[in-house]
Amino acid sequence: MAKLKLSINGTAHDVDVDPDTPLLWVIREWVGLTGTKYGCGIAQCGACTVHLDGAATRSCQIPAGSVGEAKITTIEGLSPDGMSHPIQVAWLQHDVPQCGYCQSGQIMASAALLAAKPHPTDADIADMVTNICRCGTYQRIKAAIHTAAELTVPATGKA
Amino acid sequence: MAQTLSRRFFLTASAVAGGGFSLGWSLPKAQAAENAPFELGIWATIAADDTVTIRIARSEMGQGTMTGLAQLVADELDADWRFVKTEFVTPEANLAAKRAWGDMSTGGSRGIRASVDYVRKGGAAARAMLVQAGAAKWGVPAGECVTALNVVTHTPSGRRLRYGELAADAAKLTPPTDVKVKTPAEWTLIGRGVKRLDTAEKLSGKLTYAIDVQLPNMLNAAIAQCPVFGGKLKSFDAAKIQQMPGVRHVVAVDDNAVAVVADKWFQAKTALAALPIVWDEGPNAKVDSQQIDAHLTAGLDAKEAGLAQEHGDIVAGLAGAATKIEAVYSMPFQHHATLEPMNCTAQFADGKVEVWVSSQNGDASLAAAAEAGGVKLADVKVHKHILGGGFGRRGQQDPVKQAVIIAKQVPGRPIKLIWTREEDMTHGFYRPIAKAKMTAGLDANGNLTTLHARLSAQSIAAYLAPQRMENGVDMIAFQGWTKDEFGYMAIPNLRIDDAVRNTHVPVGFWRGVNTNQNAIFMECFIDELAHATGKDPLDFRRSLMTKNPKHLAVLNAVAEKAGWGTPLPKGVHRGIAQNAGFGSYVAAVAEVSVSPKGELAIHRIVAGTDCGYAVNPEQIAAQVEGSFVYGLSALLTSEITIDKGRVVQTNFDSYEVMKLAAMPKVETVIVPSGGFWGGVGEPTIAVAPPAVLNAIFAATGKRVRTLPLSHQDLSHA
């Protein structure tokens, strides 16, 4: 066991945990934030995607002890009200989720993509958003990312 | 239940999940009491602030039934959609009320179509109560009052009262039973593509799925089940892991599994991996996929076979045919792989059981919990959560039984059981393995005169519901091929039969069930016949559909929308397919290209459905798009194989499913012909794979008859 200090959504959390425990389970079970999901445990499905210093990361394969001082953002911390990040706005507009279980991960992966590439092409989206959705919401995810890209264009810019 | 502030945004965006989750701010207590909802019959409550809460008995697993059912009730109630929210009926309430809310099971695309009569009557009854309450208040005849958008209006005087103002009085009345529902022309919400009611909390991470339940004093359990189906637990050495972090208990679960209970689930999982376990793998430990394949192959020519339907004389028809064509098709087992792994939380205390579930059948969850706990049905409480995927898997209650068995050994504390993905993948109720031998007789002009479709497939009914076997015949296996569903009834000599070949592998209902396999068998073979006779695949089908105008209308609609017969970019080819199932008629045209090396790209699929009445066109389109991802995964890469009696694939690295990069553009054409209520969640899934396979043939000249495609070489000159 080790005492870790994790910065999650701007708050410092002290946890007493085996440092080999995957970040996913520390977030879910020790910190109690359950928006980040378990889907496969082997970084295949992306349901556990969080941001580490802004980069989309599959938290099921990251030992909590290796995170150090990196800033962790989970779905609960993406926007202050849970609905105002351009990705969330676009997701609501396109009615993207079906069962919704993968959507925390899809949204976190898409938000990181948008931060890195404000105007992603379809190929960028296919490369960067590789999370599994068994309900099959991919068509709407793609459309919603393009909408979110438009939403983030400054008012003076081209729509 | 928790009340939520009735700000418009939250009303339109919110829904209450079984976990007692509430969106927005909680009302102060006094105000909450003031706004207590009034029951208007069993299907709707209305609060003083005009909030209309519609009760949902079916499960919500992404298919949108919760929203569609709310539309049905709200339409009859003349509710203002902006004020509508939903709540789940609990299984214990349904039990206590002698199933007043009907069947809670959610599968077979029945969520809407099997509820449509009674939920609409429930809405109409509530509306009648509001009208009567308003009329009484004004001292006028009810017949002079009309309703719209949460308001009762006395037409002659123009007086108006909001539903919220009438609810208390209306709730004192007896719900009328002789209500009439609206005609389609009177619908205001049915047919509108309103947005889902459950989206907002799926974007914020705040929705509590069953796997997210957190309760005071809760412990967590990880489970290992005998890897060979039918095998038993022999022994385990708990002492070896008792000292590991967090471990509290190591318990046998039934006769085939062992669970570790720990403070945290990850500790339970880690300890379980270190637990020495001895299994009695039993007689199935030597079975492999090759043996199963041979077992099914033998069925293709077996004398004994159950009959789906027969007319004319196939023996004479084949004997007199100018050309005889035969082909054998083969489909593997498939897993559901819901993204939320199997789980259940249970508490056993004072002879009572409480469970928190992700279930397609709340009634069955309650019954399973009672049986596993050895308690009366009346001593069980079930908290239904929105499912993280169902697809048929969550009609089965095995995780519920296990959680209760574990909880009974740790009384007084809630136990959350979560299966690892590996347990989930290797302990499913798989889509049955199936083969078909298709035999056709054609006359000298290339007309199809005789068709014999012989299935040799594992039976879902034999495994899950033997009472549904009719004289050894599993009618479920013939989905799409029964007299009521089959689209080529004009074929003069027809026989469809099934030599059931069961295995030790558990099988169950998988989205689209047998229509998946049967549509590939039939639609690819019909395509083979069209090409063999040099006829256009669309025209060839049309010639066989003279007795099936509804099937034909959908086929024509997609052909027109897809521009069948018009030029395509170089290298792009089309394929077509049609089917009927779950009460709806469906068809698709796929456009694909295959590089000379054999790399497949699916560019576009135009899909059509006639579901009779279309409750919510937007959600229908979402179901069509989504079901294609599920069906195409099985076409492209997914398969479950068996070695040493157990499932070979353990996770998404070996059971590969489709990702965004492979998603074609899907265009949904809804051609609702009216007069019936057809299913939506499943029917269309069946036509994407055969349409793609037929397009692959057009592109490569290669006829793929064994799936998945990842085993096939599609390279071509």
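Is Asn9(A) buried, exposed or partly exposed, and how many C-beta neighbours lie inside 10 Å? Keep that in mind as you start. The model on your screen is predicted.

**Stop 1: two loops in chain A**

Select Asn9(A). This residue sits in the loop between strand E1 (2-8) and strand E2 (11-17) of chain A. Asn9(A) has 19 C-beta neighbours inside 10 Å, so it counts as partly exposed. Now check the backbone. Phi of Asn9(A) is near 55°, a positive value in a residue other than glycine. Most residues other than glycine have a negative phi.

Next, select Asp53(A). Look in the loop between strand E3 (49-52) and strand E4 (55-58) of chain A. Here too phi is positive in a residue other than glycine: for Asp53(A) the value is near 50°. Asp53(A) is exposed, because 12 other C-beta atoms lie within 10 Å and exposed means 12 or fewer.

**Stop 2: where the chains meet**

Show both chains. In chain A, 47 residues are in contact with 47 residues of chain B. Colour these helices of chain A: H1 (23-30), H2 (86-94), H3 (103-116), H4 (122-128) and H5 (138-151). Each supplies at least two residues of the side that touches chain B. Which helix gives the most to that side? It is H5(A), with four residues. Now colour the chain A side by residue type. You get 23 nonpolar, 18 polar and six charged residues.

**Stop 3: a helix crossing in chain B**

Move to chain B and select helix H5, residues 116-138. This helix has 23 residues. From first C-alpha to last, H5(B) reaches 33 Å, close to the 33 Å expected at 1.5 Å a residue. Step past its end to Gly139(B), where phi is positive, near 65°.

Show the side chains at the contact. From H5(B), pick Met129(B), Leu130(B), Ala133(B), Gly134(B) and Lys137(B). From H6(B), pick Tyr163(B), Leu166(B), Asp169(B) and Ala170(B). These contact residues divide into six nonpolar, one polar and two charged.

**Stop 4: a cis bond in chain B**

Last, go to Pro708(B), in the segment after helix H19 (688-700) of chain B. What kind of peptide bond joins Leu707(B) and Pro708(B)? The bond is cis, and omega is about 5°. Most peptide bonds are trans.

Conventions:
Residues are numbered from 1 along each chain as its sequence is written. Chains are lettered from A and ligands numbered from 1 in the order in which they are written. This is a predicted model: local features need pLDDT of at least 70, side-chain atom pairs count only at pLDDT 80 or more; totals for chains, interfaces and linings use all residues. A residue is buried if 20 or more other C-beta atoms lie within 10 Å of its own, exposed if 12 or fewer, and partly exposed in between; C-beta atoms are placed from the backbone. Two residues are in contact if their C-beta atoms, placed from the backbone, lie within 7 Å. Ala, Val, Leu, Ile, Met, Phe, Trp, Tyr, Cys and Pro count as nonpolar, Asp, Glu, Lys and Arg as charged, and the others, Gly among them, as polar. The expected span of a helix is 1.5 Å times one less than its number of residues.
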